[in-house]
Amino acid sequence: MQRQLYRLMAGVAAIALSAPAAMSQELTIFWAEWDPANYLQELVNEYEAETGVTVTVETTPWQDFQTKAFTEFNARGSAYDMIVGDSQWLGAASEAGHYVDLTEFFNTHKLGEIMAPATVKYYAEYPGNSGKYWAVPAEGDAVGWSYRKDWFEDPAEMAAFKEKYGYDLAVPETWAQLIDIAEFFHRPDQNRYGIAIYTDNSYDGLIMGVENALFSYGGNLGDYSTYQVDGILNSDASIAGLEAYRKLYGFTPPGWSKTFFVENNQAITEGLAAMSMNYFAFFPALVNPATNPNAEVTGFFANPKGPNGDQFAALGGQGISIVSYSENQEEAFKFLEWFIKEETQKRWAELGGYTAHAATLESEEFRKATPYNEAFYQTMFMVKDFWAVPEYAELLTAANARIYPYIVGGEGTAKEVLDALTADWNETFKKYGRIQ
Amino acid sequence: MDTVADVMTRLEPNTRAAARGLSDLSIRNLFIIPTIAFLIVFNVFPLLYSLYTAFTDYRASTSAPANWIGLANFRDLLSDPFIWRNFTITAKYVIISVTGQVLVGFGLAMLLNRPIPLKGLITTLLLLPMMLSPAVVGLFWKLLYDPSFGIINYFLGLGKFEWLADPQVALYAVAIVDIWMWSPFVMLLSLAGLSAVPKHLYEAAEIDRAGPFYTFFRITLPLVAPILMIAIIFRTMEAFKTFDHAYILSTQPTTELIAIRLYKMAFLEWQTGMSSAFAYIVLIVVVAITNIYVKYLNKAKAR
């Protein structure tokens with residue numbers, strides 16, 4: 001009996017060990033669970049058809065993406081060959097050795113010239129201006145706005161707006177106009193509200209939302225090369241931007257205290273709000289009548305200008321990196337060579353992915369392909385991002401802890417909040433030796 | 001005469017057991033060893049390893065080695081006003097939640113501790129909340145609390161009252177969910193205690209014309225107190241560890257319980273050493289509180 005048991009165990013072991021050799025080459029790409037990941041799966045199926053290499057896009061909800069990815073990295077696991085990681089992770093992942101250095105690949109294929117400049121700067125390069133690259137820009141994204149064209153174009157609404165504010169009701173070009181329009185359409189008794197914005201503080205939702213105001217008011221999060229925060233984060237311009245975002249919160253639907261892309265799209269699909277901020281990656285659902293009964297009357301615009309003419313939007317999007325612990329790095333490089341081809345990038349855009357390929361972005365074909373692509377194209381040349389340093393998560397936690405009570409709870413003043421956050425970030429940078 | 005040990009260890013020759021070489025004692029050990037190994041790997045080792053990392057600057061997200069920094073993590077945590085705020089919020093939450101659970105659970109037990117029709121079915125239905133997944137409970141209570149379409153506001157006529165968006169109310173909203181979910185546990189233990197109270201004491205009290213309040217405070221409560229204390233101990237320990245439904249319901253700073261802060265520190269910020277130190281501080285606090293409860297429990301039992 002014992003001998004039979006040993007024979008059985010030996011047989012199972014032999015099968016298990018030989019199985020990988022018998023199977024065809026496979027690659028796994030890890031991404032967050034959202035529509036672009038579905039588009040990528042469709043795209044990589046074409047790679048499989050061409051090369052016979054099976055590529056699987058494995059996903060997890062956004063809230064768990066960072067935790068799951070870094071848990072695998074920290075365990076030096078080989079579950080993922082590539083990852084479409086968030087831009088903020090560049091510093092943490094590259095310094096910890098989780099990403100393969102792609103500098104040579106980048107330079108050989110002249111990706112700095114082929115991809116849109118903002119995507120190279122924020123999705124691929126770390127440290128800033130170092131010439132070292134860790135990712136190939138994959139999914140360009142930024143925050144834009146959707147709005148109810150029928151509400152804006154209603155003659156009675158237009159007349160009432162002109163009478164109250166003294167100028168024509170139209171797509172807002174400035175933040176002052178955005179606030180006016182949000183106030184105008186805020187009618188709780190009619191179950192209609194002015195605006196939907198990000199307030200989710202469990203990851204980066206709230207802060208990405210605030211960035212749209214802060215950057216456009218002329219503010220900044222700090223000097224990314226010197227790590228100076230004093231006088232920048234808590235500048236008058238940053239304070240004004242934060243105050244503007246707080247004003248907008250007053251025009252959101254009730255219970256709008258933990259909202260991100262799902263809720264902000266619902267604000268349009270359920271006819272709750274006149275305008276809604278969201279990443280462009282989520283706009284395909286708004287032009288689809290199956291998912292948005294108001295699809296025919298939904299329009300889009302880029303983030304408006306601030307009082308001094310500054311116009312920026314919070315950068316989203318990700319680059320695709322090769323994981324250092326992958327056992328298929330050679331195959332992963334071949335995949336990237338296929339991915340960066342112009343025809344592949346065009347196909348990626350056709351399927352719904354937001355290509356970072358500059359020529360594709362600038363083409364008339366792309367800009368006219370959907371109602372929001374023009375706004376997206378404009379936005380991708382005026383984006384700014386959060387800190388991409390290894391300790392970005394601590395900076396994000398501190399920012400959420402300070403900013404959330406002010407925006408949602410109305411606690412304190414914008415100046416107090418940003419002064420306190422400046423002190424927090426200084427402490428964090430000192431702890432990690434970034435500043436003395 | 002054969003002893004039990006003899007029977008257990010003796011193998012008859014020429015039997016299959018003898019051929020396998022496995023005695024009853026060996027089989028018994030084989031059943032126990034996996035459990036002990038599991039406990040060592042998943043309980044004992046992490047406990048000891050995290051005690052070590054609590055005194056280092058280790059970050060699991062980097063490949064840098066762990067450097068011994070002594071009590072620095074503990075010092076930083078205990079001087080961080082945000083951490084003290086988390087403790088205050090958690091203490092407030094524990095008091096509200098456990099008090100609510102005891103009042104509701106014990107009240108339900110008192111109501112059920114009599115012959116009523118369909119008592120078994122009613123008891124079973126009342127037990128359902130504590131059998132649900134805390135994450136699922138958090139998700140559907142979030143819908144119930146919604147100011148626009150939630151049925152709580154509808155049935156209570158509260159209009160668009162914001163349970164989770166109002167920082168002053170959010171903690172109470174989370175505590176209500178915990179009370180709803182775990183009152184059945186207290187009810188169950190209280191029912192057991194109530195059913196053990198000798199009936200003749202009530203009969204004697206009735207004969208002596210004792211009123212309901214007297215009967216409750218002089219007979220029922222003192223005799224049920226020990227088991228009620230056990231329920232309070234368990235629920236207090238669990239309330240301190242609350243994470244699932246609180247994390248899903250609200251991300252307000254006023255509802256950031258210790259477990260949520262610990263999770264963020266460990267798995268979002270990857271401050272592994274600091275979070276280990278934090279976990280040990282929480283462990284010491286919970287053990288201290290439990291010891292106080294156990295003292296009262298022993299006093300109640302002695303009485």
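User: Which contacts in chain B are we counting, those with a separation of 6 or more, and what share comes from residues 24 or more positions apart?
Analyst: Among contacts with a separation of 6 or more, residues 24 or more positions apart make up 71% in chain B. A contact here is two residues whose C-beta atoms, placed from the backbone, lie within 7 Å. Keep in mind that this is a predicted model: local features need pLDDT of at least 70 and side-chain atom pairs count only at pLDDT 80 or more, while totals for chains, interfaces and linings use all residues. Residues are numbered from 1 along each chain as its sequence is written, and chains are lettered from A and ligands numbered from 1 in the order in which they are written.

User: OK, and how many helices and strands in chain B?
Analyst: Chain B has 14 helices and 0 strands. Both kinds of element are DSSP runs numbered from the N terminus, helices being H or I with at least four residues and strands E with at least two.

User: Is chain B compact or spread out?
Analyst: Spread out: the radius of gyration of chain B is 26 Å, well over the 19 Å that the globule rule gives for 303 residues, so chain B is more spread out than a compact globule. That radius is taken over C-alpha atoms, and the rule is 2.2 Å times the number of residues to the power 0.38. Along the principal axes, the C-alpha trace of chain B spans about 75 × 65 × 40 Å.

User: What domains is chain B divided into?
Analyst: Domain 1 covers 4–53 and domain 2 covers 72–302, with bounds from an automatic or database domain assignment. Their C-alpha centres lie 39 Å apart.

User: How much of chain B is buried?
Analyst: Buried residues are 30% of the 303 in chain B. Buried means 20 or more other C-beta atoms within 10 Å of a residue's own, exposed means 12 or fewer, and partly exposed is in between, with C-beta atoms placed from the backbone.

User: I've got Lys142(B) on screen. Buried or exposed?
Analyst: Lys142(B) is buried, with 20 other C-beta atoms within 10 Å. Lys142(B) sits in helix α7 (residues 134–144) of chain B.

User: What does Lys142(B) touch?
Analyst: Leaving out residues up to four places away in sequence, Lys142(B) touches Ile248(B) and Leu249(B). Also, the C-alpha atoms of Lys142(B) and Leu164(B), 22 residues apart along the chain, are separated by 8.2 Å.

User: Switching to chain A. How many helices and strands there?
Analyst: Chain A has 20 helices and 11 strands. With a radius of gyration of 24 Å, close to the 22 Å from the globule rule for 436 residues, chain A is as compact as a globular protein of that length. Of those 436 residues, 50% count as buried.

User: What order do the strands take in the open sheet of 5 strands?
Analyst: The order is β2-β1-β3-β10-β4 in chain A, with mixed pairing. Two strands pair if DSSP finds at least two bridges between them. The edge strands are β2 (54–60) and β4 (136–139) of chain A, each pairing on one side only.

User: In what sense do β1 and β3 of chain A pair?
Analyst: Parallel, over 2 bridges, between β1 (residues 26–32) and β3 (residues 82–86) of chain A. In β3(A), Ile83(A) is the bridge partner of Phe30(A).

User: Which helix lies across β1, β2, β3, β4 and β10 of chain A?
Analyst: Helix α14 (residues 329–339) of chain A does, running at about 65° to β1(A). Axes are lines fitted to C-alpha atoms, for helices over the stretch in contact, and angles run from 0 to 180 degrees between N-to-C directions.

User: And β5(A), how many of its residues are buried?
Analyst: 6 of 6, across residues 143–148. On one side Val143(A), Trp145(A) and Tyr147(A) are buried, and on the other Gly144(A), Ser146(A) and Arg148(A).

User: Which sense does β5(A) use with β7 of chain A?
Analyst: Antiparallel, over 5 bridges, with β7 being residues 273–279. Gly144(A) has Asn278(A) as its bridge partner in β7(A). β5(A) also pairs with β8 (residues 298–301) of chain A in the antiparallel sense, over 4 bridges, and there Gly299(A) is the bridge partner of Tyr147(A).

User: Last one: how many residues does each chain give to the contact?
Analyst: Chain A gives 27 residues and chain B gives 22. The largest share of the chain A side, 8 residues, comes from α19(A).
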